[in-house]
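Got the model open and wondering where the labels come from? Let's go through some of them one by one.

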Amino acid sequence: MPDDLTHGFQVLRAYRTLGVERSASEAEVKQAYRDLAQVWHPDRFGHDARLRAKAEEQLKTINAAFDLVKTERAGRRPTPTPKPAPRRSAQRPDAPAAERWLCPACRSEVTKGDKRCRECGQKLVFEE
Ligand SMILES: [Zn+2]
């Protein structure tokens with residue numbers, strides 16, 4: 001879905017803004033955010049209105065990125081444990097169900113092509 005894709009890109013960009021990997025720990029993300037928030041604090045550029053405005057813009061981007069990363073991490077599902085492979089049925093692989101035929105009279109297994117049931121003598125008709 002395009003919305004999910006866009007969201008995914010936004011999340012990736014948010015991590016890049018903070019300068020951390022998506023696999024980074026909670027502490028690493030917070031540290032990265034705190035560092036950036038300090039670096040770009042507008043008060044540091046108090047003497048220069050132009051730089052101050054730039055820093056404010058940068059801080060907005062950093063805050064938005066941090067919010068997005070926090071939300072993404074809160075909603076991230078734990079890595080699913082792999083399920084064991086489904087067990088194969090007990091049926092022998094050389095005897096697929098379609099090729100097994102039962103005598104209509106005694107329900108014993110018969111071989112396709114046999115004229116009569118070996119158990120009860122029932123006449124057999126094999127329909128394709
Ligand atoms: Zn039979």
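Q: Which pattern does the chain follow when read along the sequence?

A: This is a predicted model, and its chain runs α-α-α-β-β. In other words, there are three helices and two strands.

Q: What makes up the largest nonpolar core?

A: Ten residues do: A14, L18, V29, A32, Y33, L36, I62, A65, F66 and V69. To belong, a residue has to be buried, of a nonpolar kind such as Ala, Val or Phe, and joined to the set through C-beta atoms within 7 Å. As for F66, it touches L18 and Y33, leaving out residues up to four places away in sequence.

Q: Which residues in α3 are buried?

A: Those are I62, A65, F66 and V69. Buried here calls for 20 or more other C-beta atoms within 10 Å. Over the chain of 128 residues, buried ones make up 10%.

Q: How do you know that the length of α3 agrees with what its residues should span?

A: At 1.5 Å a residue, the 27 residues of α3 should span 39 Å. The C-alpha atoms at its ends are 39 Å apart, so the two values agree.

Q: Why are α2 and α3 called roughly antiparallel?

A: Their axes cross at roughly 170° and come within 10 Å. Angles over 145 degrees count as roughly antiparallel, so that is the name for α2 and α3.

Q: Which residues of α2 and α3 meet?

A: From α2 come V29, Y33, L36 and A37, and they meet L59, I62, F66 and V69 of α3. By class, this contact has eight nonpolar residues, no polar ones and no charged ones.

Q: Why is G113 called exposed?

A: G113 has 8, so it is exposed. You'll find G113 in the segment after β2 (109–110). Between G113 and V125 there are 8.4 Å, C-alpha to C-alpha, with the two sitting twelve residues apart in sequence.

Q: What is the phi of R107, which is not a glycine?

A: R107 has a positive phi of about 65°. Most residues other than glycine have a negative phi. R107 is in the loop between β1 (101–102) and β2. With 11 other C-beta atoms within 10 Å, R107 counts as exposed.

Q: Which residues is L124 in contact with, leaving aside neighbours within four places in sequence?

A: The partners of L124 are C103, V110, D114, K115, R116 and C117. For a contact, the C-beta atoms must lie within 7 Å. As for T111, which is 13 residues from L124 along the chain, the C-alpha atoms of this pair are separated by 9.8 Å.

Q: Why does R118 count as partly exposed?

A: R118 has 14 C-beta neighbours inside 10 Å, so it falls in the partly exposed class. R118 is also in the segment after β2. Its C-alpha atom is 9.2 Å from that of C103, a residue 15 places away along the chain.

Terms used. Residues numbered from 1 in each chain as written. Predicted model: local features only at pLDDT ≥ 70, side-chain atom pairs only at ≥ 80, totals over all residues. Buried ≥ 20, exposed ≤ 12 C-beta atoms within 10 Å, placed from the backbone. Contact = placed C-beta atoms within 7 Å. Helix = DSSP H or I, 4+ residues; strand = E, 2+ residues; numbered from the N terminus. Expected span 1.5 Å × (residues − 1). Axes fitted to C-alpha atoms, helices over the stretch in contact; angles between N-to-C directions. Parallel < 35°, antiparallel > 145°, perpendicular 65-115°, else oblique. Nonpolar A, V, L, I, M, F, W, Y, C, P; charged D, E, K, R; others polar.
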